[in-house]
Amino acid sequence: MPSEYKLILKHADQPGYTPDIECYLKHGGYEVLKKALAMQPLDLPDGKRKSPQEQLRDEVMKSGLRGRGGAGFSCGLKWSFVDRRSGKPIYLICNADESEPGTFKDRQIIHKDPHQLIEGMILSCFANDVKLAYIYIRGEMPQGAKLLNKALAEARAKNLLGKNILGSGYDLEIHVHRGAGAYICGEETGLIESLEGKRPYPRIKPPYFPAVLGLYMCPTIVNNVETLCNVKHIVAMGGAEFAKLGTPNNTGTRIVSLSGHVKRPGYYEIEVGKVTIGELINDPNFGGGLRDGRKLKAVIPGGSSAKVLKAGEKFKLKRKVDGKDVEQEVDMLDLPYDFDSLLQAGTMSGSSAIIVMDDSVDIVEALANISEFYAHESCGQCTPCREGSLWMSKALHRLTHGEGRKTDADYLEKIANNIPGGRTICAFGEACSWPVQSFVAKFKDEFVAKGAADEAKRAQNGVASNSAAAKRRETVAAH
Amino acid sequence: MSFSVPAKLETEIDELITHYPVKRSASLMVLHALQEHFGWISQAAVEWTAKKLGLQPINVYELVTFYPMFRQQPVGKYQIKVCRTLSCALGGSYALHKHFCDKLGLDAHKHGVQTTKDGRFSVEFVECLASCGTAPVIMINEDFYEGVSRAKAEEIVSQCK
Amino acid sequence: MSTAPTTESKPAPPAIEKIKVKVDGREVEVPKLSPDHAGKLVPTTMIQACEAARTDVPHYCYHPKLPVAGNCRMCLVEFGTPALGPDRKPVMNPDGTPKIAKSPRPAIACATPISPGMEIYTKTPAVKQMREGVLESLLINHPLDCPICDQAGECKLQEYSVDYGQSASRFVEAKVHKPKAVDLGPRIMLDAERCILCTRCIRFTRDVAGDDALGIINRGSYNTISTYPGMPFDNNYTLNTVDICPVGALTSKDFRFQMRVWFLKETKSVCTSCATGCNILISSREEKIYRYTPRENDGVNGPWMCDAGRLNYKWIHRDDRLKDVLVRGQKSSWTVALNEIAETLKRVPPGSAAIIASARQTNEELWLLSKLKAKLGAISDSVPRTGKGDNLLVDEDKNPNTNGARLTGISFTEMGINLSKIAAGIARGEIKTLIVFGEDLLKRAVDAKALREKELTSEVVTEHGITAELLGKLDTLIVSDILPSATAKLAHYVLPGCAHAEKRGTFTNRDGRVQRFMQAIQPPGDARPEWDFLHDLVYNVTGKNGFLTIEGLFNEMAKDVPAFNGLTWAGLGDIGVTVKV
């Protein structure tokens, strides 16, 4: 029977576990940091020496850790891109702007175990020669910001932060920076602009890769809360040991946020790839199944920007069985919950947030809700996303307010196709168009039926000639 | 009306500015601090912030108009923010929002933040508050409420004095 | 540039490595590094490579003289780079050419650096579709009222719609409404609905003009260009934003709805408002000037000019322009007046004449006056004219041809040093004849401190002691000017001259750049270009001839004035040649 594997959340939900430093220390907190700070340079056979920092970075590379924020990019590789020869300071920013609809995992860490994040950050900063770091926490988490500030003060008081940490000669300061309600600040270059006190417009890449030209045009690492916590465990157990958790290329654990129409919504930490979507939804250890009398309709597997999976959908999955590559057809419920399987299914695990929708859901309404979110959150910097996100939202609003057309499904698809695929400055273009593309493609008959019903109703009521929609159509025809 | 920042608050703000190698970075933190004190960000507050950070007022105005958490006019003593996004919507947030509006004599179909005539309550839909597993969720000022049923909503509102 | 002598003694820049790329199958060799907006060498971008290949890449936000923004997405292109094998060596096709790995994602040509062997594709179906998509997106919320838009005829939306537009819009939603006819500042109007948010104006005023006055407020599709409430956009360079606005969002209050641009004739000229000599285009129709716009010249003004200079043309059409030749207050003719003057000047004893010629006159005119000066043994000078300058374009010297006056020997290193001597000479009765070109000597000097801060065209004329009483002592006062003046009122001879827009000629700017300007409109009444009638006069007085055209005159002058040696009218080209000053 599949069950949780608690690595990050090992202590957080234990009765009596509190977010203060005394409790953290009692549970072995900051021991890993002490070990790391005491590391010695390693003599290599070729006579060269490997610094403790390089050794730590090697362990992270070996661990196969992939970013937990959404893109799933290798953390070790990301660190390896950092320009260490520029002579400029290197900055590290913890991305705690948890905003992808459906996601609420980082909130748990921040509220329940802030010192784990801080220890992970100190280790990551030490490994990358960072002297100044920030935690960018979304504005809607004021309590989280207070808890982090308190935790940082506690750490400072114990010389775990500040000058000459624990006598190691290493200096580091970490500050909390609050956002103020903008999803786009989760995009790392948008976050950097926001932290610089500007509108959070994502930067063009090239040339502004954070590893080279990040915060204040200095090399910068931006890592998610959960990713940084993982660094602590990688340093504790060694990269190779960490890589044994999960499945190949999908190592470690992930905290899955499960919401929507399941009996037991909540967050569950699992070994990556060891549990299927179906198990997460139905197993009593996890979602516990749908509400009584309801059937599954759709699942969004990686936060609301991930392409939707329709109940009963089948995928061809390349898998290794007894060391051989085979292609197997699997039902969407049998997709292992990991990075690569979901990519093969044409979607993504994103921020590991699963939103479950049962057959009570009006799929057009659901998409309208998602599109309204993205229209509200588009920063408006670049053309396709600025114009396209609101266009889709308006069309869906019309379709859910009795003014639909049979042709709206095709109309939506065409609008959505103008946005993704590298046409926009950042991945928000994909985030806002993928839901529309996938909902319309997979539930096309429902979109067409809704539009047809609206048209029929208008014809029956004889109001077509003076309805607002008809007026708009006339205006268009006149162009 | 003159705008004056109390010495204690200014000291706090000066400390915040030291967190950054470039003053401009403190913009959001300074605005948060001012809003916590004054309840909203007036034009005078924008100008004060710009001067404090060595910026042009437009630099700050660009931020205040971008981030929805910053209030450009005074709002209610209790600001009820109902999460609108998918998981909460699946959990009944639209009905909850309507319930608050109806109860407080506001229009549930109106866009943006609405404040009661007595200035006690503001109600608005906000986007995902990152607690989708306990939908529907709301925030009242800095406090967070999960799994808000109608009954719970009644109780919460009755506690707002 | 011309091969005429130039004394710009910059060391030869280090040779920049060239790399080969292909644009739509055509190989071009381009420098690995190219200057960015500020002139700093940075990796050459795709759009620069395409330009080298003479391939047009449509764009809105990109501007070579502004920092790259990359927001409009109109310049998206497809591209590929030489494929590398596992050994990091290039993979070859069977025919020996390098195998190209095509990128699955497009790139913005304005910001993406080129690399050796890169292939850029600007004409593929995917690129066309992307451009169509961007254009459609830009148009959905844009008012489709081109017939009443002032930008019509010079609008990039219109222009690209020809190539990438659809005949019918499929947009059936309500448009986003934004503020219209917004008074952004004393010279600029904003129609936020026409704005495509390319941010050229913001970048210009922040990064070029140094006045961080504009920003974007609100979010997403509701984004709107704005000033801070209550702070007008009023620096001295605001009108450049109208030039670079690719659509009808920013318009000049002075020019908007005055004339359809396609009726305008453009004439290459030079601004006369200060010593910088910004290159301009004069737009005119039927002898009326409608606007000045900057004409790009990287040696002088780049693509910019100041608002003060740009709007300094209205006086040309003043009703009270001097249009008649006057002899002792009576209307006369050029023949009568010039003959009389010639006869008078021939009889002037050496040392009893003085010439005060404005440094607003052209090189050719000043040179002709210098010939007269030599013949008469006259003392001469120009009137200094100073005002506020800045670090960008505006010079403190408000005379456009100070260096011309010096090089032709009319004035000296310290301009105005002879004016008090002339005054004293008149007072003592030694100077009996005064020739004044383009100056009102009785204009009261203004105290620099009294100038208002925001005044764009303020200037100071130095006090020199020449009074009406002194002028009354002269036997002969000859005045040529464009506008009526107190000095002209006292003159025995008034010769109506021309604004620069009404004649041809050259000025020598503050750096010694000799720049020519063309005639845009005809002068009013009997007014004649000064060089034209001065030529007659000098011929009459000195007996020398040989230059009936401005070209001939210039070339003659170039032989005579050491600093101009080797220059020719044709050789100056459109952007001028720098000489040692």
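**Close-up views of a predicted three-chain model**

View 1. Where pLDDT is low, the predicted coordinates should not be read in detail. For chain A as a whole, by contrast, the mean pLDDT is 95, and 96% of the residues of chain A reach 70 or more.

**View 2. Domains 2 and 3 of chain A and the contact between them.** The domain assignment divides chain A into domain 1, covering residues 21-243, domain 2, covering 252-358, and domain 3, covering 363-478. Taken over C-alpha atoms, the centres of domain 2 of chain A and domain 3 of chain A are separated by 27 Å. To the contact between these two domains, domain 2 of chain A gives 8 residues and domain 3 of chain A gives 12 residues. On the side of domain 2 of chain A that touches domain 3 of chain A, 4 residues are nonpolar, 2 are polar and 2 are charged.

**View 3. The contact between chain B and chain A.** Chain B contributes 33 residues to this contact, and chain A contributes 42 residues. On the side of chain B that touches chain A, at least two residues come from each of α2 (27-38), α4 (57-66) and α5 (86-90) of chain B. By class, this side of chain B comprises 21 nonpolar, 8 polar and 4 charged residues.

**View 4. The fold of chain B.** Chain B contains 7 helices and 5 strands, and its elements, read from the N terminus on, follow the order α-α-α-α-β-α-α-β-β-β-β-α. The C-alpha trace of chain B spans about 50 × 35 × 25 Å along its principal axes. Of the 161 residues of chain B, 48% count as buried, and among contacts in chain B between residues at least 6 apart in sequence, 54% join residues that are at least 24 apart.

**View 5. The contact between chain C and chain A.** Here 31 residues of chain C meet 33 residues of chain A. Helix α2 (residues 125-140) of chain C supplies 7 residues, the largest share of the side of chain C that touches chain A. That side of chain C is made up of 15 nonpolar, 10 polar and 6 charged residues.

**View 6. The domains and overall dimensions of chain C.** Chain C is divided into domain 1 (18-123), domain 2 (144-158 + 165-316) and domain 3 (317-578), and the C-alpha centres of domain 1 of chain C and domain 3 of chain C lie 53 Å apart. Along its principal axes the C-alpha trace of chain C extends over about 95 × 55 × 40 Å. The secondary structure of chain C amounts to 15 helices and 28 strands. Of its 581 residues, 50% count as buried, while 68% of the contacts in chain C between residues at least 6 apart in sequence join residues at least 24 apart.

**View 7. An open sheet of 3 strands in chain C.** The strands of this sheet are ordered β9-β10-β13 (chain C), with antiparallel pairing. Since β9 (182-183) and β13 (250-252) of chain C stand at the edges and each has a single partner strand, one side of each is left without a neighbour in the sheet. Strand β9(C) pairs with β10 (residues 188-190) of chain C in the antiparallel sense over 2 bridges, and D183(C) stands opposite M189(C) in β10(C).

Key. Residues are numbered from 1 along each chain as its sequence is written. Chains are lettered from A and ligands numbered from 1 in the order in which they are written. This is a predicted model: local features need pLDDT of at least 70, side-chain atom pairs count only at pLDDT 80 or more; totals for chains, interfaces and linings use all residues. Domain bounds come from an automatic or database domain assignment. Two residues are in contact if their C-beta atoms, placed from the backbone, lie within 7 Å. Ala, Val, Leu, Ile, Met, Phe, Trp, Tyr, Cys and Pro count as nonpolar, Asp, Glu, Lys and Arg as charged, and the others, Gly among them, as polar. Helices (H or I, at least four residues) and strands (E, at least two) are DSSP runs, numbered from the N terminus. A residue is buried if 20 or more other C-beta atoms lie within 10 Å of its own, exposed if 12 or fewer, and partly exposed in between; C-beta atoms are placed from the backbone. Two strands pair if DSSP finds at least two bridges between them. pLDDT is the predictor's confidence in each residue, from 0 to 100.
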